[in-house]
Amino acid sequence: MESFRNKLDKNRIPKHVAIIMDGNGRWAEKHGKARVFGHENGVESVRSVVEGAGEIGVKHLTLYAFSTENWLRPKPEVEALMELLVHAIDNETELLMKNNVRLSTIGDLSKMPVKVKEKLNGCINFLKDNTGLNLILALSYSSKWEIIKAVQNISQDSIEGKIKPEMINDKLFEEYLNTAEIPDPELMIRTSGEFRISNFLLWQIAYSELFFTEKLWPDFRKEDLFEAIFDFQNRERRFGKTREQLTM
Ligand code: IPE
Ligand code: IPE
Ligand code: MG
């Protein structure tokens, strides 16, 4: 079958794609293994998608790797995920470098184990001058946390006289989010057949196109990303206007 890559309009590649990588546990269960086995196999999917996104010229790729709510999982699973993160950084950094990928994070990094923070910072620093894809890992992230944090900082700046309440508009608000400087995702993908957002980028997806697939994350590959983008390119984004206005 012809690749979706060849069907893509090169001039309309989304600048920012966000992915909720879900279904690792069910994938492991399907293979008669422990949940961690699914997480381990999800790394291959990340590798493929990062490579694919870079190849077609996506500028920002945000991956939901660990949510605020995921801290509530059984301790051994949380620990295994943190260990996996350390290993993945160790194993993937060279390839990221080769592919000209930059790394950044969003989320409450203060909650992460010291070892993970150190690895992350080392990797971010090592890749900082790369000019290709910006890979954004959402770690200990939730949208409500991010929005509350923004409101706290806005209030503080207001008390200190740095801003006035009447200056607060959507543009200023966005400067207080973790995603300041990053354009909103045009496309958000969720794997594993769940139709929910699970506290991910609520503000930023106000006008995103949503793509849901039954595929479990460890089965997802760059070709699936290309398919989602092909689907995206065949949608009409009206932003509240009428179809007639779009051609005007
Ligand atoms: C996604 O897979 C990975 C994380 C949330 C860390 P899950 O672990 O949620 O897998 P399912 O949804 O239980 O199958
Ligand atoms: C969302 O997946 C979070 C990540 C993919 C990191 P979950 O598996 O935690 O979401 P819910 O709880 O099923 O909505
Ligand atoms: Mg899940």
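**Two ligands in a predicted model**

The residues around ligand 1 are Met21, Asp22, Gly23, Asn24, Gly25, Arg26, Arg35, His39, Ala65, Asn70, Arg73 and Leu81. The model in which this shell is found is a predicted one, and the contacts described below should be read with that in mind. Sorted by class, the shell around ligand 1 holds three nonpolar, five polar and four charged residues.

Some of these side chains make polar contacts with ligand 1. An oxygen atom of the ligand lies 2.7 Å from an N or O atom in the side chain of Arg26, and for the side chain of Arg35 the corresponding distance from an oxygen atom of ligand 1 is 2.8 Å. Arg73 also takes part, with a polar side-chain atom placed 2.7 Å from an oxygen atom of ligand 1. Of the 380 Å² that ligand 1 exposes when taken alone, the protein buries 87%. Two elements, helix 1 (24–30) and helix 2 (35–56), are those that give two or more residues to the shell around ligand 1, and it is helix 1 that gives the most, with three residues. As to its location, ligand 1 sits in the largest pocket.

Ligand 2 likewise sits in the largest pocket. It is surrounded by Ile20, Met21, Asp22, Tyr64, Ala65, Phe66, Ser67, Asn70, Arg73, Arg190, Arg196 and Ser198. Here the largest share of the shell, four residues, comes from strand 2, which spans residues 60–67, whereas in the shell around ligand 1 the element that gives the most is helix 1. The class composition of the shell around ligand 2 is five nonpolar, three polar and four charged residues.

The polar contacts of ligand 2 can be followed from one side chain to the next. An N or O atom in the side chain of Asp22 is 3.2 Å from an oxygen atom of ligand 2, and a polar side-chain atom of Arg73 also lies 3.2 Å from an oxygen atom of this ligand. For Arg190, a polar side-chain atom is found 3.3 Å from an oxygen atom of ligand 2. On its own, ligand 2 has 390 Å² of accessible area, and the protein covers 78% of it.

Arg73 has a polar side-chain atom 2.7 Å from an oxygen atom of ligand 1 and one 3.2 Å from an oxygen atom of ligand 2. Asp22, whose side chain contacts ligand 2, is also listed among the residues around ligand 1.

Conventions. Residues are numbered from 1 along each chain as its sequence is written. Chains are lettered from A and ligands numbered from 1 in the order in which they are written. This is a predicted model: local features need pLDDT of at least 70, side-chain atom pairs count only at pLDDT 80 or more; totals for chains, interfaces and linings use all residues. Side-chain values use heavy atoms; hydrogens and water are left out. A residue is near a molecule or strand if one of its heavy atoms lies within 4 Å of it. A polar contact is a pair of N or O atoms within 3.5 Å; within protein, one must be able to donate a hydrogen and the other to accept it, and residues adjacent in sequence count only if both atoms are side-chain atoms. Accessible areas come from the Shrake-Rupley method with a 1.4 Å probe; for residues, only the protein chains shown count as cover. On a 1 Å grid over the protein atoms alone, a cavity is a set of points where a 1.4 Å probe fits but cannot get out, and a pocket is an open set with protein on both sides within 12 Å along at least five of seven lines; lining residues have an atom within 4 Å of a point. A molecule sits in a cavity or pocket if more than half of its atoms lie within 2 Å of its grid points. Ala, Val, Leu, Ile, Met, Phe, Trp, Tyr, Cys and Pro count as nonpolar, Asp, Glu, Lys and Arg as charged, and the others, Gly among them, as polar.
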